[in-house]
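Here are some notes to read alongside the model, written as numbered points.

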Amino acid sequence: MSWIQKLVETYDACFGQDRDDFQKLLSISTVPQTTQLHVELHPDGAFFHAEISELEDTPLFVTEDSATRSGKDPDANPLTEQLEYCAKGIDKYGGKSSKFDRYLAELTAWTNSEFSTPALHVICAYIQSGSLLDDLIRNRILTLKDKEFEKVAIGKRKLDPLKLWVRWSVIGEQQSATWSDSNLAAQWTEFENSKNRPLALCMESGKIEKCAQKHPKRIRYSADNSKLLSSNDKNGFTYLGRFMDANQALSLGYAQSQKAHNTLRWLIQRQGTRIGKDWTLVAWSIKSADAPPVAVDSWQFFRDAGEADEEAPEAVYEGDAGQLFALRLKKAIGGYKQKFDDSADIVVMGLDSATPGRMAILFYREIKEAEFLTRLERWHTSLAWPQNVGKDRRFIGAPAPCDIAKACYERNEKIDEKLLKATQERLLPCIVDGRPLPRDLVLAAVASTVKCAYRKDQKKGYWEFERNLGVACSLYRGAHPKENYSMSLDESRTSRDYLYGRLLALADSIEGLALNVAKVQRDTTAARLMQRFADRPYSTWRTIELQLTPYIAQLRSSRAPALQRRQSLIDAVYDLFETRSGASAFVDNRPLSGEFLLGFHSQREALKPRRHNSNDAELEATPEEGDNQ
Amino acid sequence: MPDSFTTPKNCLEFRVWGRYALFTDPLTRVGGEKSSYHLPTYEALKGICKSIYWKPTFIWYVDKVRILRRIRTQTRGMKPLDYISGGNTLAIYTYLTGDARAENPVDITDGPGVEYQVCAHFEWNTHHAALDRDRVDGKHYAIAKRSLERGGRQDIFLGTRDCQGYVAPCRFGEGPGDYDNDGSLDYGLTFHSFDYPDETGMGRLGANFWRPKLVNGVLTFPRPDDASQIVKKDIRAMKPRAFGLDRVRPVEAEAEELAAATGALDREAEL
């Protein structure tokens, strides 16, 4: 449980590196803020130019108090601030002059210290002169209407001018924009470090350091008011008893706290997964911040591993589908292995809030890189199955935890957010720790698949059934690794459930073909009776078989070869039943386990036309379920 | 077999197990969203020893602990009391648990949970001069052993009070453990124990921290006064509790009473 230490280590390894978005890892006492108003000054202190231009993630220098400000008398940031704080005389237009006083105090304190730069003096003088508002009005950045400012339009939004964030530039300097000036940032860090803070043992480094009194918030998203470490609960008995105040219970160095929180904020923004507002999962490598994605399906996994789009093969069922998938997975894992060295640590961390204002660490693992990749590989391999999650998402691989949750628990296309979060959370130890799949999820997926085979709404129902089928087969396969189910049709498997699944697929195919030939849109008997079939296979099969007679007659005249193929397959399945244990397995009317879905899916895929064998007249085009739309 | 040269003669070896444990990380505790350390703290194990048998005459020192089950964590939503406005507030606690010992567990011993083997000994608390006469070699140890056989004198809990545990005598090192061949694992700065004034003799409360190193599943604790491994944090002034023989039952009386009570039980069990 040394997450603060790991975050500080990640900060030390990644800060200042020259990679793409590593500049967004901000230094101590700096947070990202979207600013809207850009004011440029002459080096001699005169106003030069102003414009409304929005810049996201502008580094904002904050003090310990201003980062967590709230209430009626908030603390001010020293440099980049809202217009209400920067403008002298704002009380004429509805602002609070106390805010300006605080801002000026902070800015002059910094300017008069030993850590100031010439640009600061220019800006400070300009602020003191108080001509900001007049200059803005003169340049028509702000317009007056009845002694009050009109709202300023940015894009499609209209913002209150007093709440606009101002960033400063001084032209003529080597680096005119104050927010990109790394020298200024370094000076600010030094200035903050020089401030007096109580000395105490830092519980992360083990040394006596200046300790933080308040810890940052706004970690997961910019409006996030939750704190990971909070210490002002004097009345709530969270530490009272042996300890009299919060510093006795928790003392963390200021630099350590800032580094850890900044790193976490940056990592979450860069590569975090979020459900809803609060639940967040982030995985990172301590040395290089990158990590393979955890809670994604195989399709996304391959893409993140850098597989080019042209390389992704068509989602056509091939005899060696399993082998192809294994090759792709190996390549992706190999790609990640190259990026890291074996001794690197990967940290996986999950956060959530029960109440606004506080965050809890739900899940925390430190794993060695090699071990982590092995577990991810195991997850993707054991759950691999042809998936059909949407129009452009047909792939062979493991489903995403979010899709697993939806397949198990979605009703009327909606799933309760708490249930979605809880299910994803339950699957994390299966992915990261290698634990066995929860049995109730497997059963729930099978049950919901069987239930939606009969599609009242043809369009929506189709995708729902396909997705659920893929997920249920994946889960069942993953939950029974010893059985070693193959992704393609296994014609030698003689287990009762698998064979019954095959029979159902064959009946469904015959009737589907006949309906297609007759151009009738209807669910097949097999689809309608799937739930009953799962509960009482033998008696339901009799019903289905009887219903097939007219369709067989119909097909004998129009699609004889296709019919012949299917009927011979049915005979083959009957034979396999015989070889297993005589007739008793077939006659057994006990409910089927999820294995029958594996048989169903494999057989159905095997009956689909193989596109590169289009010359073969025997392989008549079987209508895909989609043709019944 | 314990090495008879380096192991103290009054070493108590026991097995402690439970469904959940919560060795609270002080960083998260103050905010109210408690999450557990992955390893037991010295203070928690010392507390278990004290629950088995304790007198102010001596101080327990935990020597080492062996982790038997693979570490897992489990989060639970809790509704702790809100002392300010009444009612409940919401929090998420992360408990420590472990792998089950068997596929289909029959009783709590086999189900998922934590399990440790602990080796601890005690030494006289020299700061209680008034209890000088109570320091009888052997009697305290005998009582401790008998209490352990009966599952401890007071409730055993693993970290927080809601994580109920059980103790039984065992031999340290026997049986397989999930970490036996895992080599060495380093952890960051972790809470070790508190320094209470009646055990240190100084009128201050302090906290100790150390950097654990798990070697093949065994964690060897340094003594709280071992300056090479322990980082100390001074907390506040505290008055030590004064014990005298007027407040503490002498050990001879304790042993007699225990013999009488347990002897009767033993005779009953034989019948």
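Is Ser29(A) buried or exposed? Keep that one in mind while opening the file; the points below start from there.

1. **A serine in chain A.** This is a predicted model, so please read each value below as computed from predicted coordinates. Ser29(A) counts as buried, because its relative accessibility is 0%. The residue belongs to the loop that runs between helix 1 (3-14) and strand 1 (30-41) of chain A. Residues up to four places away in sequence aside, the contacts of Ser29(A) are Leu60(A), Phe61(A), Val62(A), Trp188(A), Glu192(A), Tyr254(A) and Gln258(A).

2. **Salt bridges overall.** Searching the whole structure over all chains gives 49 salt bridges. The next points take up some of them.

3. **Asp345(A) with Lys6(A).** These two side chains form a salt bridge, with an N to O distance of 3.7 Å. Asp345(A) sits in strand 13 (residues 345-352) of chain A and Lys6(A) in helix 1 of chain A, so the pair ties together parts 339 residues apart in sequence. Both Asp345(A) and Lys6(A) are buried.

4. **Asp65(A) with Lys214(A).** Here the salt bridge has an N to O distance of 3.3 Å. The partners come from distant parts of the chain, 149 residues apart: Asp65(A) is in helix 2 (residues 64-67) of chain A, and Lys214(A) is in the loop between strand 10 (208-210) and helix 8 (246-249) of chain A. Asp65(A) is partly exposed, with a relative accessible area of 35%. Lys214(A) also counts as partly exposed, at 32% relative accessibility.

5. **Arg365(A) with Asp433(A).** The side chains of Arg365(A) and Asp433(A) meet in a salt bridge at 2.7 Å, N to O. This pair again links distant parts of the chain, 68 residues apart, with Arg365(A) in strand 14 (residues 360-368) of chain A and Asp433(A) in helix 14 (residues 417-433) of chain A. Arg365(A) counts as buried because its relative accessibility is 8%, and Asp433(A) is buried with a relative accessible area of 10%. Through shared partners, salt bridges join Arg365(A), Asp433(A), Arg435(A), Arg72(B) and Asp99(B) into one network.

6. **Arg375(A), another contact of Asp433(A).** Arg375(A) is placed in helix 12 (residues 369-382) of chain A. With a relative accessible area of 22%, Arg375(A) is partly exposed. Neighbours within four places in sequence aside, Arg375(A) is in contact with Ile367(A), Ile431(A), Val432(A), Asp433(A) and Gly434(A). For one of these, Val432(A), the C-alpha atom is 6.3 Å from that of Arg375(A), although the two residues are 57 apart along the chain.

7. **Across to chain B.** How many salt bridges are there between chain B and chain A? The count is three. Arg72(B) and Asp433(A) form a salt bridge, and their closest N and O atoms are 3.6 Å apart. On the chain B side, helix 1 (26-29), strand 3 (71-78), strand 4 (91-98), strand 10 (204-210) and strand 13 (231-237) each supply at least two of the residues that touch chain A. Strand 13 of chain B gives the largest share, five residues. That side divides into 17 nonpolar, 11 polar and nine charged residues.

8. **Extent of the interface.** The size of an interface is often given as the accessible area lost when the parts come together. Chain B and chain A bury about 3600 Å² between them, and carbon and sulfur atoms give 58% of that. In chain B, Leu27(B), Val30(B) and Lys233(B) lose the most area to chain A, together 20% of what that side buries. In terms of contacts, 37 residues of chain B meet 44 residues of chain A.

9. **Chain B by itself.** The secondary structure of chain B comprises five helices and 13 strands. Its C-alpha atoms fill a box of roughly 50 × 50 × 45 Å along the principal axes. Among contacts in chain B between residues at least 6 apart in sequence, 70% join residues at least 24 apart.

Technical notes. Residues are numbered from 1 along each chain as its sequence is written. Chains are lettered from A and ligands numbered from 1 in the order in which they are written. This is a predicted model: local features need pLDDT of at least 70, side-chain atom pairs count only at pLDDT 80 or more; totals for chains, interfaces and linings use all residues. Side-chain values use heavy atoms; hydrogens and water are left out. Contact means heavy atoms within 4.5 Å. Buried area is the accessible area (1.4 Å probe) that two parts lose on being put together, summed over both. A salt bridge is a side-chain nitrogen of Lys or Arg within 4 Å of a carboxyl oxygen of Asp or Glu. Helices (H or I, at least four residues) and strands (E, at least two) are DSSP runs, numbered from the N terminus. Ala, Val, Leu, Ile, Met, Phe, Trp, Tyr, Cys and Pro count as nonpolar, Asp, Glu, Lys and Arg as charged, and the others, Gly among them, as polar. Buried means under 20% relative accessible area, exposed over 50%, partly exposed in between (1.4 Å probe, protein chains only).
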